[in-house]
Amino acid sequence: MGSTARRVRIRSGCVVATALAVLAVGVGPGGAATAAPAPATSTTEPADATLGYRANARHDSFVAKATAAPPFTKLWSADLGSAVSAPVAVGGKVFVVVNAVGEDETDGPRMELVGLDAATGKRLWPQRLIADNDPKATLAYGGGLLYTQTGRGVVTAWDPATGRQRWSHSIGSGICEYPPAWYDGVLYTQDGRGAAMALRASDGAELWRAPLVDWGISPVVVDDLGVWFGFDNYSFQLLDRSSGRELRRYDVPDLTARGGNPIARGAGALWLRSSAADDERTVAYDQNTGAVLRSFPADATPAFGPGRVYVAHRGVVKALGTTTYQPVWSYTSPRQAATVRLVAGGYVYVQDGDGKLVVLSERTGAVVWSYRLWAEPHPMENVLAEEDWRGWVNPGIATAGGRVFAPGQNGVLTAFGH
């Protein structure tokens, strides 16, 4: 636990852990808000949609049946705030969380929810304040509702058609940096302080709460096996979806990393990444035994596609075949920093350290299209491959309905298509 404490302290300047009251019109038993009836949830979601930070509950960055294909034309852009989160794109709509505060951030972040028509960029409803002076709100979608979670652990459900709040629930004094994961009518999340929980997606009622092996900042990964938690290259845990009962736990080498690296499920394994200065790598662990399956130098979370794992290190993105795990092709960033954000429709979307969105052919690795989203950094500027926070929001891009949505500099969201 000593090494874990070191990781959390290093990041403690990013979050403030204070208890919050539930923000709700009314509060029912167990802290769940009383709310209007929510639409029925489904067991599956659209295959051509981006439902959260890294596309889905597996965090594998893969959009199974994406229809967007470059070369693209710029369809519209919208100036929304000082920073725009990874979008949620479903059908003909796109949603983002924005830090609506101006350049002077002395008053703290003002996290707001925005809904836009995907074809035109027209506002669906006025921007909705998520929580007053509560930082780092995140966004996910499932079962017909949008869900935000603030840095201090307030989870809120919103109607995507009207932007109206359905319910709100505080999970307690939290240190939260990643969105909840929706799976089969249930939201799964954790508070960063050693507790995981499941909330009923229709009304926010807490279904269970379970202890985690570690304190730390970690996304929640959910699949048919259960609910996964991983803490850098330190440990991982699998909980039962229906009860929170621990199914598996494996301790792995503690490299005393900074904490908070996203985990992902792909290629039949759980992937954890270390950002220790002397050992930047991503490691695949056997989901049943905890054994190390393979390890690669990496400074960004891997992404996955059919028969491929995409690993980035020092600006070199390698496509590895999942039969031999040998490189099929590679792409090199001019700034020695790159992150694969999406694998969709036969293309690999790379956030390049030079400020461009670069789209590669999944088959050959050839650059088929690019667009500058950010000004080129100064030659002396230290550029990080994977910035999981840029102005209080999770970064990323999204696709749905043949379009691609990408946040850019100064809070501008741009849509591309045909």
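In what follows, a charge is said to sit over a ring if NZ of Lys or CZ of Arg is within 6 Å of the ring centre and within 35 degrees of the ring normal. Arg-294 meets this description, lying over the face of Tyr-325 at 3.8 Å from the ring centre. The structure is a predicted model, in which local features need pLDDT of at least 70 and side-chain atom pairs count only at pLDDT 80 or more, while totals for chains, interfaces and linings use all residues. Residues are numbered from 1 along each chain as its sequence is written, and side-chain values use heavy atoms, with hydrogens and water left out.

The predictor's confidence in each residue, pLDDT, runs from 0 to 100; its average over the protein is 85, and 85% of the residues score at least 70. Over residues 1-42 pLDDT stays under 50, although the model has 100 contacts (heavy atoms within 4.5 Å) beyond four places in sequence for this stretch. Where pLDDT is low, the predicted coordinates should not be read in detail.

The secondary structure comes to one helix and 36 strands, taken as DSSP runs numbered from the N terminus (helices H or I, at least four residues; strands E, at least two). Of the 418 residues, 60% are buried, where buried means under 20% relative accessible area, exposed over 50% and partly exposed in between, with a 1.4 Å probe and protein chains only. Among contacts between residues at least 6 apart in sequence, 52% join residues at least 24 apart.

Rings of Phe, Tyr and Trp (its six-membered ring) pair if their centres lie within 6.5 Å, and planes under 30 degrees apart count as stacked, over 60 as edge-to-face and the rest as tilted. The whole structure holds 16 such aromatic pairs. One of them is the tilted pair of Trp-76 and Phe-405, at 6.3 Å centre to centre and 45° between the planes. Because Trp-76 lies in strand E4 (residues 73-79) and Phe-405 in strand E35 (residues 403-407), this pair ties together parts that are 329 residues apart in sequence. Both Trp-76 and Phe-405 are buried. Phe-236 and Tyr-285 also form a tilted pair, with ring centres 5.9 Å apart and planes at 50°. Here strand E20 (residues 235-239) supplies Phe-236 and strand E24 (residues 281-286) supplies Tyr-285, 49 residues apart. Relative accessible area is 0% for Phe-236 and 2% for Tyr-285, and both count as buried. An aromatic cluster is formed by Phe-72, Trp-369, Tyr-371 and Phe-416.

Strands pair if DSSP finds at least two bridges between them. Strand E34 (residues 398-400) runs antiparallel to E35 and is joined to it by three bridges, with Ala-398 as the bridge partner of Phe-405. These two strands form a hairpin with two residues between them, and Gly-401 in the turn has a positive phi of about 55°. E35 also pairs in the antiparallel sense with strand E36 (residues 412-417), over four bridges, and Phe-405 has Ala-415 as its bridge partner there. This second hairpin has four residues between its strands, and Asn-410 in the turn shows a positive phi of about 60°.

Elsewhere, five strands form an open sheet of mixed pairing in the order E3-E30-E31-E32-E33. Strand E3 (62-63) and strand E33 (367-372) stand at the edges with a single partner strand each, so one side of each is left without a neighbour in the sheet. Within the sheet, strand E31 (residues 347-352) and strand E32 (residues 356-361) run antiparallel and are joined by five bridges; Gln-351 stands opposite Leu-357 in E32.

A few backbone details deserve a look. Most residues other than glycine have a negative phi, and most peptide bonds are trans. The peptide bond from Pro-70 to Pro-71, however, is cis, with omega near 5°; Pro-71 is found in the loop between E3 and E4. Ala-55 has a positive phi of about 85° and is buried, with a relative accessible area of 2%. Gln-336, in the loop between strand E29 (327-332) and strand E30 (338-344), has a positive phi of about 55° and is exposed, with a relative accessible area of 58%.
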